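Subject: Structure for your set

Hello,

Here is the structure I said I would pass on. Please look it over first; my notes follow below it.

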Amino acid sequence: LLADPEIDIVVIATPNDVHEEIACDAFNAGKHVICEKPVTLSCESLDRMIACAEANGRTFSVHQNRRFDDYYVTVKNLVKEGKIGDIISIESRVQSDHGIPGDWRKLEAKGGGMLSDWGVHMIDQQLWLCGYDVDRVYAHFDKLTGVEVDDGCYVDIYLKSGIVLRVE
């Protein structure tokens, strides 16, 4: 794949702990990269990925597919068109009796957990809708099912505008 001159873009949809290696291999091979979320497990890793993309003159993007969910697009349009009042708070939840998804998502070393799997989608939607003027964040994590990562959490994000965002 990386040696094929007909391939321009690599889409990375693998466990989170190997995104950096795959992305840098692709950049070094002259490919652009679209990476699933969460892009990596640390800020340092992300910095290395960005530096590698820049050193190779390649485009690097993180895909947030939940920005295109019907319910979210509807709400975003209603806000943009001024059809609803001022936003005071938003609560988003993903809850299930099945617990955390299987396979590598249950492993800490792979970057698993409900916050990484679902929470980043909901946080992205809320911040994309309300702005990124974060004042402070509070998070609480649960490990109720005995797996090594969070199987539940809630995150409260307080914006400087006074809006309060909650992800559960």
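A residue counts as buried under 20% relative accessible area, as exposed over 50%, and as partly exposed in between. V75 has a relative accessible area of 36%, so V75 is partly exposed. This residue is found in helix α3, which covers residues 70–80. Please note that the model is predicted.

Overall layout

The chain has four helices and seven strands. Read from the N terminus, the order of elements is β-α-β-α-β-α-β-α-β-β-β. The C-alpha trace spans about 50 × 45 × 30 Å along its principal axes. Of the 168 residues, 33% count as buried. Among contacts with a separation of 6 or more, 61% are between residues 24 or more positions apart.

Nonpolar cores

In soluble globular proteins, nonpolar side chains tend to be buried together. In this model the largest nonpolar core has 14 residues. Those that touch the most other members are I123, L127, C130, V155, I157, L159 and L165. At least two residues of this core come from each of α4 (114–130), β6 (152–159) and β7 (164–167). The largest share is that of α4, with five residues.

What does V155 touch, once its neighbours within four places in sequence are left aside? The contacts of V155 are L115, I123, V137, Y138, A139, L165, R166 and V167. Two of these, I123 and L165, are also among the core members with the most neighbours in the core.

There is also a second, separate core of twelve residues, and I12, A23, C35 and A53 are among them.

The largest pocket holds about 280 Å³ of space. Its lining consists of 18 residues, and V94, Q95, M114, D151 and G152 lie nearest the centre. The elements that give two or more residues to this lining are α4 and β6. The largest share, four residues, comes from α4. By class, nine of the lining residues are nonpolar, six are polar and three are charged.

For the second largest pocket the volume is about 240 Å³. The residues that line this pocket are K37, P38, V39, T40, S42, C43, L46, V62, Q64, V120, I123 and D124. Both α2 (43–55) and α4 supply at least two residues of the lining, and α4 gives the most, with three. The classes here are seven nonpolar, three polar and two charged. I123 belongs to this lining and also to the largest nonpolar core.

How many cavities of 30 Å³ or more does a search of the whole structure find? The search finds one. The largest cavity has a volume of about 40 Å³. N16, K37, P38, W104, R105, G111, G112, G113, S116 and D117 line this cavity. Two of these residues are nonpolar, five are polar and three are charged.

N16 sits in the loop between β1 (9–12) and α1 (19–28). Is N16 buried or exposed? Its relative accessible area is 3%, under the 20% limit, so N16 is buried. Apart from neighbours within four places in sequence, N16 is in contact with E36, K37, P38, T40, L41, W104, K110, G111 and S116. Several of these contacts, including K37, P38, W104, G111 and S116, line the cavity as well.

S92

S92 lies in strand β4, residues 89–92. With a relative accessible area of 16%, S92 falls under the 20% limit and is therefore buried. The side chains of S92 and Q126 are joined by a polar contact of 3.0 Å. Not counting residues up to four places away in sequence, S92 touches M122, Q126, R166, V167 and E168. Of these, R166 and V167 are also in contact with V155.

Regards

Definitions and conventions. Residues numbered from 1 in each chain as written. Predicted model: local features only at pLDDT ≥ 70, side-chain atom pairs only at ≥ 80, totals over all residues. Heavy atoms only, no water. Core = buried A, V, L, I, M, F, W, Y, C linked by side-chain atoms within 4.5 Å. Buried < 20%, exposed > 50% of the residue type's maximum accessible area, 1.4 Å probe, protein only. Contact = heavy atoms within 4.5 Å. 1 Å grid on protein atoms, 1.4 Å probe; cavity = no way out; pocket = protein on both sides within 12 Å on 5 of 7 lines; lining within 4 Å. Points joined across faces, edges and corners; volume = space filled by probe spheres on them. Nonpolar A, V, L, I, M, F, W, Y, C, P; charged D, E, K, R; others polar. Polar contact = N/O pair within 3.5 Å; in protein donor to acceptor, adjacent residues only side chain to side chain.
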